[in-house]
Amino acid sequence: MSLTSDFFTLFNLPVAFEIDVQSLTARYRELQRTVHPDKFADAPERDRRLALQQAAHINEAFNTLKAPLSRGRYLLQLKGFDTQEQQNTAMDPAFLMQQMDLREQLAAVKEIDALNDFLTELEQQTQILNNQLKQQFIDETYEQAGDTVRKLQFFHKLNEEAMQLEEDLLD
């Protein structure tokens, strides 16, 4: 196994936004079994170190490909788009207004039922963006895909804040 191969090649998957998560997971388990550091406990130091590096590479690749946001960022990188450059804040004004509204809604949440409704809305909006991103990669409209990834990042961060609020409400 090469530590320099792209993550899709590592998992024998086509380079695409939409992937078969079951195949990804099955291949992940197979790869981890072959390089698990415990299998190399009695091996020379060099082999143990290589097994550890390979296991870390497999974990990084799996974690990147299993989540739509990180998979989208990774695909953009493979296509030559600087995802750090995608961090600029120039966004569609309607989207920014939607984000402000969602943040106000989250700030107003005081009970778990209201939070569950909010999380359902976030999930629906995220799915819409994931579908857009899938189509943008099919159409090879990478600049639009970059914008969609940035929007997904907003939703991801908002979801993390909502999950923190859930912990606070349940305490």
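Helices here are DSSP runs of H or I with at least four residues, and strands are E runs of at least two, numbered from the N terminus. By that rule, Gly146 sits in helix α7.

Some ground rules. This is a predicted model, numbered from 1 along each chain as its sequence is written. Local features need pLDDT of at least 70, side-chain atom pairs count only at pLDDT 80 or more, totals for chains, interfaces and linings use all residues, and side-chain values use heavy atoms, leaving out hydrogens and water.

Gly146 is buried, at a relative accessible area of 0%. Buried means under 20% relative accessible area, exposed means over 50%, and partly exposed is in between, with a 1.4 Å probe and protein chains only. Gln136 is ten residues from Gly146 along the chain, and their C-alpha atoms are 9.4 Å apart.

Next, Thr148. This residue is also in helix α7. Thr148 is buried, with a relative accessible area of 4%. What does Thr148 touch, not counting residues up to four places away in sequence? Leu129, Gln132, Leu133 and Gln136. Contact means heavy atoms within 4.5 Å.

Now α4, residues 68-78, against α6, residues 112-139. Their axes come within 11 Å and cross at roughly 20 degrees. Axes are lines fitted to C-alpha atoms, for helices over the stretch in contact, and angles run from 0 to 180 degrees between N-to-C directions. So α4 is roughly parallel to α6. The cut-offs: under 35 degrees is roughly parallel, over 145 roughly antiparallel, 65 to 115 roughly perpendicular, and the rest oblique.

Who meets whom? From α4, Pro68, Gly72, Leu75 and Leu76; from α6, Asn130, Leu133 and Phe137. By class, that contact has five nonpolar, two polar and no charged residues. Nonpolar is Ala, Val, Leu, Ile, Met, Phe, Trp, Tyr, Cys and Pro; charged is Asp, Glu, Lys and Arg; the others, Gly among them, are polar.

The buried residues of α4 are Leu69, Ser70, Arg71, Gly72, Tyr74, Leu75 and Leu76. Their cover includes α1, α3, α6 and α7. Just past α4, Gly80 has a positive phi of about 90 degrees.

Last, the core. The largest nonpolar core has 39 residues. Such a core is a set of buried Ala, Val, Leu, Ile, Met, Phe, Trp, Tyr and Cys residues joined through side-chain atoms within 4.5 Å. Phe11, Leu65, Leu115, Phe118 and Phe137 have the most contacts inside it. The largest share, eight residues, comes from α7.
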